[in-house]
Amino acid sequence: MDRVLHTTDYIALEDQYGAHNYHPLDVVIDHAEGVWVYDVEGKKYLDCLSGYSALSQGHCHPRIIKALMEQAQRVTLTSRAFRNNQLAQFAQELCELTGFERMLPMNSGAEAIETAVKAARKWGYTVKGIPVDQAEIITCSNNFHGRTTTIITFSTEPLYREGFGPFTPGFVTVPFGDIAALEAAITPNTAAFLVEPIQAEAGIIMPPDGYLKAAKELCEKHKVLFIADEIQTGLGRTGRLFAVDHENIVPDMLVLGKALSGGVYPVSAVVGNDEVLGETIFPPGSHGSTFGGNPLGSAVAREALKVLIEEELVENSAILGEYALERFRQIDSPYIKEVRGRGLLIGLELHEPARRFCEALRDERVLCKETHENTIRFAPPLIIDRDTIDWAIDKFEAVLTV
Ligand SMILES: *Cc1c(COP(=O)(O)O)cnc(C)c1O
């Protein structure tokens, strides 16, 4: 018979056999429901990270799990060598929701970013007329777009890059939020500007008001594609369906992942119009993924999107986000440097490393993770209610005022 394992056993096993590319909080989760997770000893915690915003619909949402189970018993993978009935409607529903003409499904966020990079380059050569292999893509300092070798090329975080070179040519970095720097960096060979509307991984960094709108105008003026990485900020996290909606701009490509499948199954996508995702850019055979657009992921994503809309999670994020931001700002703590955010994507920047506060919060049954040393991210599932927010913020207050 298997020996009963406890928290310390699981930690020891994972540390012994797993690569140490993460530094998790020492809580071993056994199961979860809605906004709550339960560890292997049965202790209950509020999840305030939501799988880096993938779990906007909450853990194990009954409707999404039902869609998963039903589809799993029908067909899980066709490959794109054949068609499947789920992808067709997923594509239609995602395009109708976002207002774009086409979508291209992948699995992880990084793969969707890679797809957008490829689309932008190809568009640069075929539509804009950039000389072959000369396309440039402008990215921002402190960005986070994923972990592939091409994507870490344009990371400005040494930890993400060091020892992983050589890197991919064709990327230029400008300071995030600096419109003059963006204008100065644009050349006739610039194919695209890739930006997160709010830099979540960098510590919930908000650009100056009007920055995204001005950047979009510059892109239009110079015939440069504006690509919004909304993998984390999208689908209601910031209180609007997309974070770019706060400045009423429509990007040329929108990159989605995370909450697109409610944290149930990896599904990502790029959406855009025919000019960037049509057959000139991606003719048959030019790009693909064995699992991308599979019927299981498509069925899950379709239901995850329906839940998001029908349960009015975008509205909930706006209302409770504003409420939570106000309450956090009222905490009188010598440790807090700044509270900022939009919707239910809130950062508490401290004067010192946040790790020990995250550990103290865990002891109070609130799970948070520091991002970039000094910032605690508050990003619970969007299904959360006001009473639970109040309960959580009381815990924050207790931990930050001792
Ligand atoms: C998480 C994230 C990614 C990468 O997604 P993966 O699924 O981890 O590859 C890219 N961009 C942003 C803004 C993210 O938050």
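Biologist: Let's start with the layout. Which residues does the domain assignment give to domain 1 and domain 2?

Modeller: Keep in mind that this is a predicted model. The assignment puts 7-30 + 312-400 in domain 1 and 62-310 in domain 2. Taken over C-alpha atoms, the centres of domain 1 and domain 2 are 26 Å apart.

Biologist: How do I read the area buried between domain 1 and domain 2?

Modeller: The general idea: interface size is often quoted as the accessible area lost when the parts come together. Here, domain 1 and domain 2 bury about 1800 Å² between them, and carbon and sulfur atoms give 57% of that. On the domain 1 side, Val 314, Arg 342 and Leu 345 lose the most area to domain 2, together 37% of what that side buries.

Biologist: And how many residues are in contact there?

Modeller: For domain 1 the count is 21 residues, in contact with 25 residues of domain 2.

Biologist: Which secondary structure elements each supply at least two residues of the side of domain 1 that touches domain 2?

Modeller: Helix 12 (313-330), strand 11 (336-342), strand 12 (345-350) and strand 15 (375-378) each do. Helix 12 provides the largest share of that side, 4 residues. By class, the side of domain 1 that touches domain 2 has 10 nonpolar, 7 polar and 4 charged residues.

Biologist: Now a single residue. Where does Tyr 335 lie, and is Tyr 335 buried or exposed?

Modeller: Tyr 335 sits in the loop between helix 12 and strand 11. Tyr 335 counts as buried because its relative accessible area is 18%, and the cut-off for buried is under 20%.

Biologist: Leaving aside neighbours within four places in sequence, which residues is Tyr 335 in contact with?

Modeller: Go through them on screen: Glu 349, Leu 350, His 351, Glu 352, Arg 356, Phe 357, Leu 400 and Val 402. With Val 402, look at the backbone oxygen, which lies 3.3 Å from a polar atom of the Tyr 335 side chain.

How values were computed: Residues numbered from 1 in each chain as written. Predicted model: local features only at pLDDT ≥ 70, side-chain atom pairs only at ≥ 80, totals over all residues. Heavy atoms only, no water. Domains from an automatic or database assignment. Contact = heavy atoms within 4.5 Å. Buried area = accessible area lost by both parts, 1.4 Å probe. Nonpolar A, V, L, I, M, F, W, Y, C, P; charged D, E, K, R; others polar. Buried < 20%, exposed > 50% of the residue type's maximum accessible area, 1.4 Å probe, protein only. Polar contact = N/O pair within 3.5 Å; in protein donor to acceptor, adjacent residues only side chain to side chain.
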